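Hi,

Here is the structure I promised to pass on. Have a look at it first, and then read my notes below.

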Amino acid sequence: MAEYFKEPSRTFNEYLLIPGYSSSECRVENVSLKTPIVKYKKGEKPALTMNIPLVSAVMQAVSDDRMAVALAKEGGISFIYGSQSIEDQAKMIAKAKSFKAGFVPSDANIRPDQTLQDILDLKERTGHSTTAVTEDGTSEGKMVGLVTSRDYRISRLDRATKVSEFMTPFDKLITAKEGITLHDANDVLWDNKLNALPIVDDEQRFKYFVFRKDYEQHKKNVNELLDDGKQYIVGAGINTRDYEERVPALLEAGADIICMDSSEGYSEWQGRTLKWIRENYGDTVKCGAGNVVDRDGFMYLAKAGADFVKIGIGGGSICITREQKGIGRGQASAVQDVAKARDDYFKETGVYIPICSDGGIVYDYHMTLALAMGADFLMLGRYFARFDESPSAKLMVNGNYVKEYWGEGSNRARNWQRYDLGGDKKLSFEEGVDSYVPYAGSLSTNVRQSLQKVKSTMCNCGCTSIKELQQNSKMTLVSATSIVEGGAHDVIKKDVSSNSSR
């Protein structure tokens, strides 16, 4: 006879937090969102922590090198998607790791034989007014000059004029050599009243810009997640098929942490992958595993050597696994069950294995609920897909800007490895959809607003750390009527507030 769970499968939307006593110290500026991302022994510090409890999903429409840098600037980690060739994924990781804090590679470069019209087109496409002129027009070609908006006047210059005729030539530029520290580069900027300082190597090949405007922004990014070399922390997704070739390539490219990307992680395939990693790298390589939805799944992956365990099956906004296969569990129930297993495992072994809630987040307050229920951090797909920094296209649909968003189990992604059960190398049926999400602007603005809400709620609960929230929060189930009562009701609203968007 089948085993039945006594409690129904519940979602975050069915819970509310009960306010606790808030002392005068419970202020937003006093709240810390630092959280461990890899396992550690009792009394020791984890080898890797995040400054905010957010990571971006291992998805084509979400996590590339640009997302990795943007999220690391805020204190989180992006897991660059693995449903691409090993070489292409490694290149993305290397590109993100080469992006030193304050040193900006240029994606707007031009040749000296191109024209003013080409400059204007480039500016329209990228929004950048500072353009490196290189011999071949590439981002690492030999630098021969620089063009800024001060070098031309559209009303007085023919648009067919060659760039070489109005650019500032290299011998008249103030530049710095690769290897200069950010502190010294900023000194050069300020001492010479520059807006941009080009960084070149010994062969005069262009490498980076250091911008005056980034100085203040860098000071404001107090949560930047950097390694010992002042490079951003970058994650990567792997599968359980080609890990023997993919893992070494990703590590060589600079990946700081990897994660198995699978719709269901309670499997021999994940056990084999973790065993291979431990046999070849010991504990030096940090690898997460999942996804699971109950105690048994967590215990299996914990004993197999996972550094963190991911929770969630079928709760993602583009996931149709539950519809297609009838497996999964409400995300709130899954997080609660696995959190209890995590705590029991810690008591038994003295090893704390962080857990990641993946999916089921609809509103910002669901983030706080997931953390209160025991999640150490959250993996988000739809949330990050809406931003400028995601790799998907921005489109106008029915008069509104949207961004494309598709699941790894969709025919568009064709990521059969994520749903691999050891059979044919193909996607037999879809477990994800191809869709749009409302465009939301920059990552920084949205993440900071979302986390401001999380911190504010934590203060209402009398907590100033995630650990306190997990230990001291009180929750209540809500009825369908309570959910209706919780929103605006019995009034005629004038407009739709941007703060109540899904």
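Let's start with rings: those of Phe, Tyr and Trp (its six-membered ring) make a pair if their centres lie within 6.5 Å, and planes under 30 degrees apart count as stacked, over 60 as edge-to-face and the rest as tilted. Before you dig in, note that this is a predicted model, where local features need pLDDT of at least 70, side-chain atom pairs count only at pLDDT 80 or more, and totals for chains, interfaces and linings use all residues. Residues are numbered from 1 along each chain as its sequence is written, and side-chain values use heavy atoms, with hydrogens and water left out.

Now the aromatics. The structure holds 16 aromatic pairs. One of them is Phe298 with Tyr345: the ring centres are 6.1 Å apart and the planes sit at 85°, so this pair is edge-to-face. Phe298 belongs to helix H9 (residues 295-304) and Tyr345 to helix H11 (residues 331-349), so the pair ties together parts that are 47 residues apart in sequence. (Helices are DSSP runs of H or I with at least four residues, strands are runs of E with at least two, and both are numbered from the N terminus.) Phe298 and Tyr345 are both buried; buried means under 20% relative accessible area, exposed means over 50%, and partly exposed is in between, using a 1.4 Å probe and protein chains only.

Another pair is Phe346 with Tyr352, with ring centres 5.6 Å apart and planes at 85°, so it is edge-to-face too. Phe346 is partly exposed, at 24% relative accessible area, while Tyr352 is buried at 3%.

Some rings have a charge over them, which here requires NZ of Lys or CZ of Arg within 6 Å of the ring centre and within 35 degrees of the ring normal. Arg212 lies over the face of Trp190, 4.3 Å from the ring centre. Lys394 does likewise over Tyr401, at 4.5 Å from the ring centre.

Gly290 and Asn291 are joined by a cis peptide bond, with omega about 10°, and Asn291 is in strand S16 (residues 287-292). Lys193 isn't a glycine, yet its phi is positive, near 55°. Lys193 sits in the loop between helix H5 (182-191) and strand S12 (196-200), and is exposed at 72% relative accessibility. Lys230 also has a positive phi, near 65°; look for Lys230 in the loop between helix H6 (212-220) and strand S14 (235-238), exposed at 55%.

Cheers
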